[in-house]
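Here is a walk through a two-chain model. Keep the sequence and the coordinates open as you read.

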Amino acid sequence: MTRAVRLALLMMVLAASSLVTACATVQPWQRGRLASPCMQFSPDGELAAFASHWQESREGAAGGNGLQGGGCGCK
Amino acid sequence: MACRAAGVAASNAGLLLACGALAAAIGAALVGGGPVTAQQPAQESYGISMHTFTDSRGVTVLSPTGELNRDFTTRTGLRASFGVDAISAASDSCVRCHPDGANNARAYVNASLFRKYGDTKVSVGGEYSREAFYSATTGSTSISRTLNQANTTIAGGYAFSLNRPVLHPSDEDVERQYAHSAFATITQTVTKTTAVQVGYETSRITGYQNNPFLRATVDGLRMLGNHPEHRLRHSLTAKVRQALPGSTYIEADFRRYTDDWQVRANTWSAGLAHEFGPRLTLAGSYRRHEQTGASFYQPVYTGQPEFFTADFRIFPFDADLYTGRLNVTPKQGLLAFREGTSLTLQYEYYRNTTKFQAATFTAAIRVPLTR
């Protein structure tokens with residue numbers, strides 16, 4: 001098992017642990033910082049779409065940014 | 001020149017089709033309600049962006065885009081965007097046969113309608129794109145639901161794409177490629193300052209997957225590649241957002257990618273953002289991508305291999321991406337746009353170990369539809 005895979009697994013376990021232990025709910029009036037655009041997972045659709053489009057025209061890996069479109073003929 | 005003319009003609013036709021599709025989508029949204037997307041911006045707005053891309057092969061792309069986010073009722077809304085990629089000196093694979101370069105243009109339009117049912121959001125959408133030697137039609141749907149007093153969001157979706165590459169230099173030999181993809185994510189608020197998201201995405205691609213432009217060396221001869229007609233892809237993601245004291249935020253993302261062509265990739269990114277008051281944000285991030293080559297990749301082929309490739313996307317390589325972004329929202333509005341209008345400027349620099357480098361620059365304006 002490579003170091004990268006071990007780190008990936010560790011990250012997944014930590015994330016999953018966070019989900020499991022997240023029963024202490026954050027109330028709506030406590031979410032001021034969470035509402036910042038900097039805390040969003042996809043803050044700007046157009047920028048993200050442009051980035052994933054040109055990156056996928058150069059890299060064999062894809063995914064993780066929501067549903068995929070039909071790609072392009074960029075070579 | 002014939003290539004260029006064909007490209008321009010095709011792109012014009014694509015643009016007309018794209019505009020027609022956008023009008024139809026907006027019309028449908030105005031007439032009736034419909035289902036919708038899982039990830040919607042919080043505010044009604046329209047946006048105009050200009051993206052530029054240039055790389056070490058001499059390729060330049062200008063991409064003006066437009067975007068609309070509109071709520072028709074408290075439960076129903078529309079998100080639509082359209083754009084054009086104007087490409088000059090279209091890549092070294094074109095330059096091989098067209099020493100003076102070969103221009104191309106790609107036009108696309110997409111739209112999705114969403115509708116809320118209590119804590120559940122449903123969306124349906126589609127996208128159409130067309131360029132000189134490729135067209136793609138996609139239909140998609142997604143659903144999301146908030147739980148645990150809105151501290152947890154689960155989402156899932158499915159998309160189908162029919163892609164039609166043209167076997168250039170022929171304008172008549174059109175192949176077909178089918179892509180099914182699905183995803184699921186869980187987003188969790190962990191504390192008042194921490195949010196995490198884990199996700200899984202898979203796609204199954206069948207049909208023509210060769211590259212009609214790139215040639216591999218097989219027994220000393222330059223030949224078009226031959227790829228398998230089936231590919232199953234998986235990606236697993238984990239993302240963390242953490243607010244720090246003093247209006248500073250950090251983000252960390254990881255993606256593990258695998259497929260049955262034996263491409264394996266780890267992609268990491270980390271970023272830092274700081275809000276200098278409510279109207280100015282500066283952000284920077286670094287992304288590292290490491291991937292193995294496809295099982296049938298070789299620099300040079302000998303004998304009679306079943307599969308061979310010259311597609312640089314499935315070569316083994318590492319890549320680095322540096323991004324800087326500025327977002328400003330002037331108090332009195334921006335130029336002739338109303339108060340609340342924001343301007344985003346973003347620069348990216350990319351390089352990988354195949355001696356490829358690229359840079360992008362984006363200027364984007366987002367204007368609220370209501371004060």
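**A buried threonine and its surroundings**

B:T341 is buried, because 20 other C-beta atoms lie within 10 Å, and a residue counts as buried at 20 or more. This is a predicted model. B:T341 sits in the loop between β16 (317-328) and β17 of chain B. What does B:T341 touch, leaving out residues up to four places away in sequence? The contacts are B:G333, B:L334, B:I365, B:R366 and B:V367. B:S45 is 296 residues away from B:T341 along the chain. Even so, the C-alpha atoms of B:T341 and B:S45 are separated by 9.2 Å.

Now take chain B as a whole. Its secondary structure consists of two helices and 18 strands. Chain B has 371 residues, and 43% of them are buried. Consider the contacts in chain B between residues at least 6 apart in sequence. Of these, 55% join residues at least 24 apart.

How far can the model be trusted? The scores are ipTM 0.81 and pTM 0.84. The average pLDDT of chain B is 86, and 87% of the residues score at least 70. Residues 1-42 of chain B have a pLDDT below 50, yet this stretch makes 85 contacts in the model beyond near neighbours in sequence. Where pLDDT is low, the predicted coordinates should not be read in detail.

Follow the strands in order. β6 (134-147) and β7 (152-165) of chain B are separated by a loop. β6(B) pairs with β7(B) in the antiparallel sense, over 14 bridges. One of the bridge partners is B:P165 in β7(B), which pairs with B:Y134.

The hairpin of β6(B) and β7(B) has four residues between the strands. Within this hairpin, B:N148 takes a positive phi near 55°. B:Q149 lies in the loop between β6(B) and β7(B). B:Q149 has a positive phi of about 55° although it is not a glycine. Is B:Q149 buried or exposed? B:Q149 is exposed, because 11 other C-beta atoms lie within 10 Å, and the limit for exposed is 12 or fewer.

Next comes β9 (residues 194-207) of chain B. A hairpin joins β8(B) to β9(B) through two residues. β8(B) and β9(B) pair in the antiparallel sense, over 14 bridges. Here B:T185 stands opposite B:G199 in β9(B).

Further along, look at the loop between β10 (215-218) and β11 (221-224) of chain B, where B:D219 is found. B:D219 is not a glycine, but has a positive phi of about 50°. B:D219 is exposed, with 11 other C-beta atoms within 10 Å.

**Where the chains meet**

Finish with α2(A). At 1.5 Å a residue, its twelve residues should span 16 Å, and the end C-alpha atoms are 16 Å apart, which agrees. The buried residues of α2(A) are A:E46, A:L47, A:A49, A:F50, A:A51, A:H53, A:W54 and A:Q55. What do these buried residues pack against? In chain B they meet β1 (45-55), β2 (60-71), β3 (76-88), β17 (342-352) and β18 (356-368).

How values were computed: Residues are numbered from 1 along each chain as its sequence is written. Chains are lettered from A and ligands numbered from 1 in the order in which they are written. This is a predicted model: local features need pLDDT of at least 70, side-chain atom pairs count only at pLDDT 80 or more; totals for chains, interfaces and linings use all residues. The expected span of a helix is 1.5 Å times one less than its number of residues. Two residues are in contact if their C-beta atoms, placed from the backbone, lie within 7 Å. Two strands pair if DSSP finds at least two bridges between them. pLDDT is the predictor's confidence in each residue, from 0 to 100.
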